[in-house]
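Have the viewer open as you go through it.

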Amino acid sequence: MKEHRVFNANVYAERQKTFTLLIHNFDAHTRRIENGNRNTIKIVSIGEKEYNIKGFKLPNAVNQFVYRFFRKSKAERSFEFANKLLSLGIKTPEPIGYFEYTTTFLFKKSFYISEHLNYDLSFRELIEDKSYPAYEEILRLFTRFTFTLHENGVNFLDHSPGNTLIKRVGEVYEFYLVDLNRMRFHVMSFEDRMKNFAKLSPRDYMLDIMIDEYSKVYTAKTKDEIFERMHYYSYKFSTAYMKRERFKKKYFFWRKKKR
């Protein structure tokens with residue numbers, strides 16, 4: 001199996017060797033952030049610094065061929081998009097590099113390495129806890145952060161509750177994007193902007209705050225127009241999501257009964 005690895009220019013040779021050994025021993029690392037059906041994220045330490053290694057799930061047979069010849073891997077896209085975001089002044093954990101493993105005709109595993117971020121909360125905590133300190137202030141700042149993404153032509157397709165990490169530095173809240181492999185960079189239309197809020201929250205009171213704040217900085221449309229489209233896309237996503245979940249429960253219930 002062939003190994004392909006790329007590091008940022010500031011990662012010196014000795015450190016590259018250390019990261020390579022960490023990738024080779026990925027399965028042995030025990031500190032995990034996530035170990036789901038799709039990807040596994042582990043925390044590793046080098047000296048006083050901590051890093052995240054994200055191991056992407058092995059693609060299905062068709063995608064192994066597609067990623068081998070026609071499409072960039074999730075690890076490569078994560079790395080490139082992280083550097084692109086930083087060049088635009090948008091925060092994300094510092095990218096280190098990525099690894100890919102291939103055979104002659106198939107793509108196999110890939111890994112993305114970034115600095116570990118000690119954060120205070122994610123957007124998800126705002127959904128789950130309306131009494132969180134400075135709740136409305138953070139939500140309004142997050143809305144302005146999203147506006148900054150839109151103004152810079154960043155269409156973050158996975159703009160969902162777990163993918164923005166929030167860190168408090170003194171009296172300032174900083175926002176960091178993670179899970180970066182699905183992005184498009186283009187001029188964001190009004191519909192693109194409103195659709196980008198769809199996965200964030202099904203709660204009307206949160207949408208109303210975001211609508212109010214977005215209307216202050218995006219003046220091409222009225223507040224009423226923003227209200228109508230943001231609620232429309234949020235409802236559309238939530239409805240589709242609930243239908244998918246009902247289907248999954250029914251399907252897995254049927255599979256379980258058949259055993």
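## Salt bridges and surface patches

Glu 50 and Arg 31 pair through their side chains in a salt bridge, at 2.9 Å from N to O. Glu 50 sits in strand β4 (residues 49-56) and Arg 31 in the loop between α1 (13-24) and β2 (32-35), so this contact ties together parts that are 19 residues apart in sequence. Please keep in mind that this is a predicted model.

**The pair at Glu 50 and Arg 31**

- Glu 50 has a relative accessible area of 25%, so it counts as partly exposed.
- Arg 31 is partly exposed as well, with a relative accessible area of 39%.
- This salt bridge is one of 18 in the structure.

**Bridges between helices α5 and α7**

- The side chains of Arg 140 and Asp 212 meet in a salt bridge with an N to O distance of 2.8 Å.
- Arg 140 belongs to helix α5 (residues 135-151) and Asp 212 to helix α7 (residues 204-217), so the bridge ties together parts that are 72 residues apart in sequence.
- Glu 213 is buried at 5% relative accessibility, whereas Arg 144 is partly exposed at 36%.
- Which residues do salt bridges with shared partners join into one network? The network consists of Glu 136, Arg 140, Arg 144, Asp 212, Glu 213, Lys 216 and Lys 223.

**Aromatic pairs**

- The structure holds 20 aromatic pairs.
- One of the pairs is formed by Phe 65 and Phe 69, which are tilted, with 5.2 Å centre to centre and 55° between the planes.
- Both Phe 65 and Phe 69 lie in helix α2, four residues apart, or about one turn of the helix.
- Phe 65 is partly exposed, with a relative accessible area of 39%, and Phe 69 is partly exposed too, with 40%.
- Elsewhere, ring pairs link Phe 147, Phe 190, Phe 197, Tyr 214 and Tyr 218 into a cluster.

**The nonpolar surface patch**

- Phe 65 and Phe 69 return here: together with Phe 70 and Phe 105, they make a nonpolar surface patch of about 470 Å².
- Phe 70 is placed in the loop between α2 and α3.
- How much relative accessibility does Phe 70 have? The value is 63%, so Phe 70 counts as exposed, the cut-off for that class being over 50%.

**The positive surface patch**

- Which residues gather in a patch of positive charge on the surface? They are Arg 38, Lys 57, Arg 71 and Lys 74.
- Arg 71 lies in the loop between α2 (61-69) and α3 (74-87).
- With 46% relative accessibility, Arg 71 counts as partly exposed.

How values were computed: Residues numbered from 1 in each chain as written. Predicted model: local features only at pLDDT ≥ 70, side-chain atom pairs only at ≥ 80, totals over all residues. Heavy atoms only, no water. Patch = residues over 30% accessible without salt bridge, like charges linked within 9 Å, V, L, I, M, F, W, Y side chains within 5 Å. Areas by Shrake-Rupley, 256 points an atom, 1.4 Å probe, with all protein chains shown as cover. Salt bridge = Lys/Arg side-chain N within 4 Å of Asp/Glu carboxyl O. Lys, Arg positive; Asp, Glu negative; His and termini not counted. Charge placed at Lys NZ, Arg CZ, Asp CG, Glu CD. Helix = DSSP H or I, 4+ residues; strand = E, 2+ residues; numbered from the N terminus. Buried < 20%, exposed > 50% of the residue type's maximum accessible area, 1.4 Å probe, protein only. Phe/Tyr/Trp six-rings, centres within 6.5 Å; stacked < 30°, edge-to-face > 60°.
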